[in-house]
Amino acid sequence: MENWKENRVVFWVTALPGIFWLTVFFLIPLALIWGMSFGEKTSIVDIEITGTFANYARAFKEVYLLIIWKSIWISAIACALCLAIAYPIAFGICFSPPRWRPLLLLLIILPFWINLLIRTYALIAVFRTRGTLNYFLEWLWNLAFMDKLIGPYEPLELLYNNGAVIVGMVYVFMPFMVLPLYATIERLDRSYLEASLDLGASQWTTFWKVTVPLTMPGIVSGVILVFIPMLGMFLVPDLLGGTNAIMIGNVITDQFKAANDWPFGAALSFLLMYVTFLALALRAFIGSRSRGRVGV
Amino acid sequence: MTYKPRFMTSRRSVLKGTGAAFIGLTFMPYKAMAEEEKKLNFYNWDTYIGENTLADFNKATGIEVKMDLYADNAELFAKLKEGNPGYDVIVPTNDYVERMIAAGMLEELDHSKILNMSNIADAFKDAAFDPGRKHSIPYMWGTLGHGYRKSKVEDAGSWKASLEGDTHAGRIALLGDGESVIGIALKYLGHSFNSVDPAEMKAAEELLIAGKKNVKAYADDNGQDLLASGEVDLAMEWNGDIIQVMAEDEDLSYVVPSEGSLLWQDCVCIPKGAPHPDNAHAFLNYILDADAGAHIADTIQYATANAAAKAKMSEEYTGNPGIFPTDEVIAKCEPSLYSEEKTRLRSESWTRIQAA
Amino acid sequence: MAGKNRSRGPLDYGRSPWLIGFGILVFVLLYAPIVQLIAFSFNDSKRNIVWQGFTTKYYKVAWENASLVEAFTNSIAIAIMCTVVATIIGTATALWLWRFRFPFKAGAEGVMALPIVIPEICMGIAVLVMYSRIGGWMRTFESGPIHWWNELFSIWPLNLAAITAAHIAFSFPFVAVVVRARLAGFNRELEEASKDLGATEWQTFRNVVLPFMMPGVIAGALLAFTLSLDDFVITFFTAGPETNTFPVKVYSLVRRGVSPDINAASTALIVITLVATVLAMRLQAPSKSEG
């Protein structure tokens, strides 16, 4: 890595566009909301910034902590599933003939150009009690004469539970995992794999000891891109979840909408961000230590 | 420091430095105009206007109406709270009308430009939430009740069916709007829909938590879909939504439970800062017209507050108890009243119910 | 390359039946809802519950719905503008963070990740608050030179600039993350070799760094396009009566049930974007120098 003083022109040319855009269209508006999180509602529309910590104190109530905890584990499971599915897919695309790759990538991303809400409704149409999947299973059931042997097909109740929320989230966030993985696996130096195999390691060992460590940056960025937005998700739990599907994103949305309590909504949002930051900082810390050891 | 949503002078100093960069990037609905252009921006619910109303209005006045849609009152409120991005006519529900009046977000109506106000039914000529109808004209009204599958549910006549007891376990959908669900639970327990009494609120919360195991989902405005697709047999829903699916499935029906329910009223208002206030008044006047009102009611099948329009409608519409409940039923219903305290308490309680 | 062998070599994962089978399964699951959606756009029923016969009338209904078409074109215009700018800014940011060592770098990295971290609704409200503040401030200058600006920015597609700017702000960090992950494996010696051989900074970038990071850039651009095209929350709070987008329109429509014309419009959107992307890839292909 270069010291920035060695090439100031390139440094500023690469640094300024991002800094400018982020400051103007993100940090300034965010600062307004951050201020709000230390404010109080003085009327229906007015918010006075009083420097109070009352909103944060309220966020530490048990019920909100429970919801945050629930959001974390639901997102963690969904994120792990996403990784488990996306990794082989990205791997397969990278090892397919070069002229197929753009097409396969496009095929992965194509469903995501359909609006999230429509896609979720389509998912509902597939999974509901009288949905396509249940009709298909019933057809199979009857095909195997199970209706004669055991009795009529009982449709599965697949929607409106936490499992449905997890499946929905995996479905929604798939490309955000595939793309960074693809970008890293694609540049994987295959001679390392060959060396490992030549030296007698099995495919399995090679995968865990060579491929995974070498593609770690892609895994990490994929997890970040997927896990964090999952934490704040509200539409999927809203539409696919049952009666206790509430996640922190739903609570935050409610504060900004029906409850009309922007200071509290702001405090909850920032709390979520502080938590994520802590996690990211921890990762960077651990990452820098292990990098020092391995010397990559 | 105070945030002043519509009079931003206090923020000027902050923005002075960077403001110039944004100049072109903001919405500029407020143009200095000598005369109002023949345009109108109408912000409405989906499927909530007559099929040809906008085209007919254009023919009658030459004003071109552009209609945008929102999905719920809270969205409308959040969007207009920081300043009107350019809408001329909006359709909030009564408690939100009250809230928006309190927040100074609605333009005062010039009654001399809305001569058709005489067509409004007597019961709606005045309103507690808007004394003297200074800011709103009534549009449609209705109830909250049970939508149900006749072949499966026999006890839909009481809220007990959806709130208590295991008769329909796993086959029930409640609304996703906590304020209304808690209000209905209060009503079932014999209290006021608008109660903020801690003991009553607590009882309602406990009732809803205990009933959770029987409820399949808290449906956000799609209870009628769950009902029509056979996912549930019983849904707490708005009458109009159920009437829509009833037209396609004969086995479905709607009833207002005997404990009473919520009576809502959607109103047409002009938000502060509307760029075309004259056109907006003309539009308000137009929808209160007898023929135009009848056409709207005919399309959307909600109960109209326009007496002259109702007089022109068929027996099939005026005699439908799902649309026009009897006076006895109405007597047991209550409107939702606006209060910031109620909103906050209900929202907290609803979060606890969902997290339980 | 290993792919030259006719028989399946140990590294020829592309021909592993397990991987192919798994891939096919995932694609089927991914596309099942989409296929159903496309099928229902031809269903002669107002509700998407049972099949009632084939019709193309909903394509006509969708096409004749002027506000739907307008929202549709707005969405595509915003997504294209956003993708171009966000890819450039995101790539520059990735290069910056990858190449240089500078004070407070960890802080800068954290701040750049903020838009990924923040709940959408919070950013939506933040942007709403800021734009309305500026709007209010601007309103105090109804005439004068600024008035001229207002006129200019009420012309399509410049009237979409406010939404596009917000989209760029939340999508370029995604591009940066993806490109940076790609750059992490770049051998810096190649760059030094290029410079030793007399290439300028720009030539080195153009001929050495850029080709290497291209797959990352393409992946990032696809992400940005997807994010922009699908964004509802932030756009909802930024859009005005003249600047609706497709997701905003759809959101207000489907809360009361998905109608077939929405399915038809979605099918049209997917076909249009697919054709455009394939064309773009074709046009770009000959200029690709590396294999």
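What follows is a set of questions and answers on a predicted model. Residues are numbered from 1 along each chain as its sequence is written, while chains are lettered from A and ligands numbered from 1 in the order in which they are written. In this predicted model, local features need pLDDT of at least 70 and side-chain atom pairs count only at pLDDT 80 or more, whereas totals for chains, interfaces and linings use all residues.

Biologist: Which element gives the most to the side of chain A that touches chain C?

Modeller: Contact here is defined by C-beta atoms, placed from the backbone, that lie within 7 Å. On that basis 81 residues of chain A are in contact with 83 residues of chain C. Elements are DSSP runs numbered from the N terminus, with helices being H or I of at least four residues and strands E of at least two. The element that gives the most, with 15 residues, is helix α1 (residues 8-36) of chain A.

Biologist: How many residues on the side of chain A that touches chain C are nonpolar?

Modeller: Ala, Val, Leu, Ile, Met, Phe, Trp, Tyr, Cys and Pro count as nonpolar, Asp, Glu, Lys and Arg as charged, and the others, Gly among them, as polar. By that division 15 residues of this side are polar and 6 charged, and the nonpolar ones number 60.

Biologist: Is A:Ala90 buried or exposed?

Modeller: A:Ala90 lies in helix α3 (residues 62-94) of chain A. A residue is buried if 20 or more other C-beta atoms, placed from the backbone, lie within 10 Å of its own, exposed if 12 or fewer, and partly exposed in between. Leaving out residues up to four places away in sequence, A:Ala90 touches A:Val178, A:Leu181, A:Tyr182 and A:Ile185. Because A:Ala90 has 29 C-beta neighbours inside 10 Å, A:Ala90 counts as buried.

Biologist: Which element gives the largest share of the side of chain B that touches chain A?

Modeller: In this interface 33 residues of chain B are in contact with 28 residues of chain A. Elements giving two or more residues to the chain B side include β7 (215-219) and α15 (340-355) of chain B. The largest share, 8 residues, comes from α15(B).

Biologist: How many residues of α6(B) are buried?

Modeller: The buried residues of α6(B) pack against several elements of chain B, including β5 (136-149) and α7 (198-211). Among those buried are B:Glu179 and B:Lys187. Helix α6 (residues 178-188) of chain B is mostly covered, and its buried residues number 11 of 11.

Biologist: Where in chain B is confidence lowest?

Modeller: pLDDT is the predictor's confidence in each residue, from 0 to 100. Chain B averages 87, and 90% of the residues score at least 70. Where pLDDT is low, the predicted coordinates should not be read in detail. The lowest confidence in chain B, at a mean of 37, is in α1(B).

Technical notes
Contact = placed C-beta atoms within 7 Å.
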